[in-house]
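I opened this model to go through its fold, its cores and a few single residues. My notes follow in the order I looked.

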Amino acid sequence: MEQASLTETPAPQWVGKDPASRKVREAAARLASTPSSLLIRGESGTGKDLLAQIIHYLGPNRGEPLLKIDCATLPDGLLESELFGYEKGAFTGASGTKPGRLELAGHGTLVLDEVAALTSAMQAKLLRVLDQRTFERLGGTNLLRLEARIIALTTADLERAVREGAFRDDLYHRLNVVPVTLPPLRERRGDIRPLAEHFLRRLARTHRSRGRGFAPAALALLERYDFPGNARELRNIVERALVEAEGARIGPQHLPDAVRRVERNIVILVGECLLRHFQLLLGAGALPIRLLTVRLIIPALARRVIQRGGRAIGQQ
């Protein structure tokens, strides 16, 4: 099967240099040409929606619509009408005919965000559509054919939801034809620096700021932080730092406490290692020197080690 190239189409780009991101790009190119349903999984902020866009724009139907519906925020009645559409008089207030997303997507792609939030009734209706590849508008009798590709996104543990009876086993298997799991940012630290610089360039244009870049120590702190909110949190941190820096180079002082706390924790760990080393060298009889070492020399040496490490990371 011929694979699409990320550089030959106007697709959104997956930014990152980590080996895990190379695998993501390879998967996107490989899956773009298949019409099979996809299930993209990952923590919030890992880039599931972006990957769905990339796969669509790399595919042969990139000129067709790319539509998305949020299964978690719409109540059941509204979700059903948005998904299937309705005929005039189908319910109170239906004064005309309206096509749904399944129909409007044409031969393109329909993204179902947070598919695990569907109620059992909506799960049954979606399963019927996926099995038969046909559907009807609400209040209608004409069978319409589903031509679009379905890409489902979820942050949930669907296997657990199936075991607990919260998600249909048959729908799970119908959606899970080609599963893709995005690793969290803490497991692809090689992406943090290129992502931070990418966000800074884009946000500098938005804020009409010069965006002088990051100090090496600031990048070193970012690369050590675990980012529980993943790339979305990194973007927010970069935007805040850009505003705080007021056109200057972004340094550690412009980063949130949660990020700077990483440095303090490392200073403590390095300090403890240095203290044990000095205790062995000084022995038990040099108490005044040991106190001076603990209070002044150890913290200074520990910070120096961190700063040198930060510069080394920043130069890579």
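This is a predicted model: local features need pLDDT of at least 70, side-chain atom pairs count only at pLDDT 80 or more; totals for chains, interfaces and linings use all residues.

**Entry 1: strand pairing.** I began with E1, residues 38–41, which pairs with E9 in the parallel sense over four bridges. I count strands as paired if DSSP finds at least two bridges between them. Helices (H or I, at least four residues) and strands (E, at least two) are DSSP runs, numbered from the N terminus. Leu38 stands opposite Val178 in E9.

**Entry 2: ground rules.** Residues are numbered from 1 along each chain as its sequence is written, and side-chain values use heavy atoms, with hydrogens and water left out.

**Entry 3: the sheet.** I traced the open sheet next. Its five strands run in the order E2-E5-E8-E1-E9, with parallel pairing. E2 (66–70) and E9 (178–181) are the edge strands, each pairing on one side only. Neighbouring strands are turned by 20 degrees against each other on average, direction ignored. Axes here are lines fitted to C-alpha atoms, for helices over the stretch in contact, and angles run from 0 to 180 degrees between N-to-C directions. Helix H2 (48–58) lies across E1, E2, E5, E8 and E9, and runs at about 165 degrees to E8.

**Entry 4: whole chain.** I found twelve helices and nine strands. Of the 316 residues, 42% are buried. Buried means under 20% relative accessible area, exposed over 50%, and partly exposed in between (1.4 Å probe, protein chains only). Of the contacts (heavy atoms within 4.5 Å) with a separation of 6 or more, 72% join residues 24 or more positions apart.

**Entry 5: cores.** Which residues touch the most other members of the largest nonpolar core? I listed Leu83, Leu102, Leu112, Leu146, Ile150 and Leu175, out of 28 residues. Such a core is a set of buried Ala, Val, Leu, Ile, Met, Phe, Trp, Tyr and Cys residues joined through side-chain atoms within 4.5 Å. H3, E5, H5, H6, H7 and E8 each supply at least two residues. H5 (120–132) gives the most, with five residues. Another core lies apart from it, with 25 residues, among them Leu200, Leu219, Leu221 and Leu222.

**Entry 6: Leu83 and H3.** Beyond four places in sequence, Leu83 touches Ile69, Gly100, Arg101, Leu102, Leu110, Leu112 and Met122. The buried residues of H3 are Leu79, Glu80, Ser81, Glu82, Leu83 and Phe84. Gly85 follows H3 with a positive phi, near 80 degrees.

**Entry 7: two single residues.** Is Asn230 buried or exposed? I find Asn230 buried, at 0% relative accessible area. Asn230 sits in H10 (230–245). Leaving out residues up to four places away in sequence, Asn230 touches Glu43, Ser44, Gly45, Thr46, Pro184 and Leu185. Gly165, in the loop between H6 and H7, counts as exposed because its relative accessibility is 63%.

**Entry 8: confidence.** Last, I checked pLDDT, the predictor's confidence in each residue, from 0 to 100. The chain mean is 85, and 79% of residues reach 70 or more. Residues 289–293 fall below 50, and this stretch has ten contacts beyond near neighbours in sequence. Residues 309–316 are also below 50, with 14 such contacts.
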